[in-house]
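Please look over the sequence and the model shown here before reading the notes that follow.

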Amino acid sequence: MKIYVPLDSAAKAVGADEVAAAIRSEADSRGLDVTIIRNGTHGMIWLEPLVEIDDGSGRQAFGPVTPEDVPALLDGKMESLGKVEDIPFFARQTRLTFARCGVIDPLDLADYEAHGGLVGLRRALKMSDAEIVAEVTESGLRGRGGAGFPTGIKWNTVLGAPADQKYIVCNADEGDSGTFADRMIMEGDPFTLIEGMAIAGIAVGATKGYVYLRSEYPDAIAVMNEAVAIARKNSVLGVDIFGSGRAFDMEIRVGAGAYVCGEETSLLNSLEGKRGVVRAKPPLPALEGFLGKPTVVNNVISLATVPVIMERGAQHYADFGLGRSRGTMPVQIAGNVKYGGLFETAFGMPLGELVNDIGGGTATGRPVKAVQVGGPLGAYMPLSKFDTPFAYEEFGEQGGLIGHAGVVIFDDSADMLQMARFAMEFCAVESCSKCTPCRIGSVRGVETIDRIARGDAAAIPLLTDLCETMTEGSLCALGGFTPYPVMSALTHFPDDFARQQEAAE
């Protein structure tokens, strides 16, 4: 009998380690021949710890499971959820990047290969640099970390840049509220990230890579370090990948937790051992990046998606999506929601369907009031925008952004003036302080919103002007995008700002 218990941080936070220990103890006391496999999570967080039992007839899911449930679980008296792939939340997904997450033992390279792993890398080793870059370009893959810049164009720039050394840097500094896709893939399927980075290195002529991983992810750090060692031992990394004569190696670097280090140039400064402040552009990192050398900086999900593109071909991936938003996006549904978790789907699903149908509405049962998409710098979307397709340009047309695809849900008890204040306060706390609009503007923004809260209606035009200055004058997206949540709250929820004035009167 094989029993799968997730080692993912979300599952561990609600007792997965204790459940695994209870299963081991109970099985030993009964003399049962049980193999416990610590897999990644399938992403249905409300069901964690989600335990699967395979007695030879297929994996049956049970959850949430507590240590006290273990005797009934082993007695066959606990109600099964059926197969994971038949659970409605999971069944409606299009799993490409996350196809193996929750299925395999994340540190078993043979298991990874048995489920389609390394096919893309082996194919890439038989192609020229330009052919690999063309494949990624034709797939339509865009950056999954925020900006949505075409991955193939960035790779082509680095490929064409003459240098004695080039680098691949993976941005794993996942700091947006309501996001966990990077962590989930690193803890549940780390070899897909390693494979993607190796393919990127081969494509652009880079022989060294770094994963810049946030210190708040200790489990991901441990899994990634072990996975890199396993990959190196099995010639997935090193001076002679699979005997091809091509070289690529990588290491894990841990950041200290600054939100601004999610911005690529600030990340590069931190990676070099400098203070994490934003660099002016140009020069672009693709030309002068890490240590002044041409550098590909991509998000975890961008790089982890490359293996499936190389395995199945550019057209297969490009066939999913909407408009210029090709492929799939791992949407992370969080906040006040009934069914929170990761939902990978092709671009184009309406926001309202994600919130109400997939997410099940609010956990409190109260009406949904607003949804913030794209982390703390994302706009608040009201119900009137719920027909907006989940795609880059379509969100941009509505004054929003997808970012890292975190979807945080609020019910009708939320005070949107206070949420606008939080956005400015967050910017003030996290600013690297290099540029005046961000450093000073965010502090003035908090003060101005406090004036509005005290009933000073004359401060509203001032707040609008301040947001425009921050948008136009900030050096990076932290100051430049902070006005998104502020102005969307003011525009779509004016009653929450008017109530403060009425109270003052």
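Which residues are buried in H18?

## Basis

This is a predicted model, in which local features need pLDDT of at least 70 and side-chain atom pairs count only at pLDDT 80 or more, while totals for chains, interfaces and linings use all residues. Residues are numbered from 1 along each chain as its sequence is written, and side-chain values use heavy atoms, with hydrogens and water left out.

## Helix H18

The buried residues of H18 are Pro-437, Cys-438, Gly-441, Ser-442, Gly-445, Val-446, Thr-448, Ile-449 and Ile-452, where buried means under 20% relative accessible area, exposed over 50% and partly exposed in between (1.4 Å probe, protein chains only). Helices (H or I, at least four residues) and strands (E, at least two) are DSSP runs, numbered from the N terminus.

At Ser-442, H18 bends by about 25°, the bend being the angle between axes fitted to the seven residues ending there and the seven starting there. Gly-455, which follows H18, has a positive phi near 100°.

## Asp-189

Asp-189 lies in the loop between helix H9 (181-188) and helix H10 (190-204), and counts as buried because its relative accessibility is 0%. Leaving aside neighbours within four places in sequence, Asp-189 is in contact (heavy atoms within 4.5 Å) with Arg-100, Cys-101, Ile-104, Pro-106, Tyr-112 and Met-184.

## The open sheet

Five strands form an open sheet in the order S12-S11-S15-S13-S14, with mixed pairing; two strands pair if DSSP finds at least two bridges between them. Its edge strands, S12 (341-346) and S14 (380-381), each pair on one side only. Strand S13 (residues 368-373) pairs with S14 in the antiparallel sense over two bridges, and Val-371 stands opposite Met-381 in S14.
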